[in-house]
Amino acid sequence: MGGKRKGRRAYLNDFTTNLQGDYVYQGSHFHYTGETPWERQLRRLWGLTLAMAIGLVGGGFLPAAGMNGVLYVVVPYLASVIAGASVVWAMAKLRREGKLRSYVYEASIRKLPTRGKVTAVFAVLAAAGEGLYLILNGSGGRTAATLGYLGLEALAAVAAWRLAGLSSAASWEERREGGTDIGL
């Protein structure tokens with residue numbers, strides 16, 4: 001079993017053991033180098049993530065006209081929720097200090113723009129499906145809930161798209177630091 005790992009667990013190659021038997025990370029780190037302080041940038045990203053999550057989850061609680069089993073509304077909505085959950089997952093990996101291990105950077109910052117855009121596209125498709133349902137069938141007496149749903153999907157789409165733009169515009173620099181142990 002000796003040798004270097006490949007694939008999903010390749011990042012484990014960057015860990016070695018010290019004399020006490022503790023694992024020490026020997027790989028590179030990515031440091032935030034943007035103009036905006038990292039704490040402020042992180043607050044912005046979390047604010048957009050929260051707005052996106054409120055839009056996605058809140059829309060599911062409203063009894064909008066097309067949300068009762070209409071596939072062209074429900075499927076894009078569920079896809080947007082799954083994509084939004086992957087954005088939250090990537091955001092949860094970020095740290096306050098603006099310094100990330102390379103494998104954390106790859107799993108979070110590098111993937112946030114794509115995940116945000118995918119979430120936004122599916123939220124727009126869910127709203128478009130609801131709009132199509134309204135054109136074909138009307139609101140069925142659920143006008144307020146339907147308008148609320150459309151508004152929440154729009155909030156989710158705008159927040160996710162903005163998050164994608166903000167995360168892709170952030171600048172990071174890779175640095176090699178030997179022997180730093182900042183915990184697993």
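## Order of elements

From the N terminus on, the elements of the protein follow the order β-β-β-α-α-β-α-α-α-β, which gives five helices and five strands; helices (H or I, at least four residues) and strands (E, at least two) are DSSP runs, numbered from the N terminus.

This is a predicted model, in which local features need pLDDT of at least 70 and side-chain atom pairs count only at pLDDT 80 or more, while totals for chains, interfaces and linings use all residues. Residues are numbered from 1 along each chain as its sequence is written, and side-chain values use heavy atoms, with hydrogens and water left out.

## Burial, surface and contacts

Of the 184 residues of the protein, 40% count as buried, that is, under 20% relative accessible area with a 1.4 Å probe, protein chains only. The accessible surface (Shrake-Rupley method, 1.4 Å probe) comes to about 10400 Å², of which 60% belongs to carbon and sulfur atoms.

Among the contacts (heavy atoms within 4.5 Å) with a separation of 6 or more, 79% are accounted for by residues 24 or more positions apart.

## Packing of helix 1 and helix 2

Helix 1 (residues 38-61) packs with helix 2 (residues 71-92) at an angle of about 155°, and their axes are 10 Å apart; axes are lines fitted to C-alpha atoms over the stretch in contact, and angles run from 0 to 180 degrees between N-to-C directions. That makes helix 1 roughly antiparallel to helix 2, a term for angles over 145 degrees.

Residues of helix 1 including Leu-42, Trp-46 and Gly-60 meet residues of helix 2 including Tyr-77, Gly-84 and Met-91.

How values were computed:
Angles under 35 degrees count as roughly parallel, over 145 as roughly antiparallel, 65 to 115 as roughly perpendicular and the rest as oblique. Buried means under 20% relative accessible area, exposed over 50%, partly exposed in between (1.4 Å probe, protein chains only).
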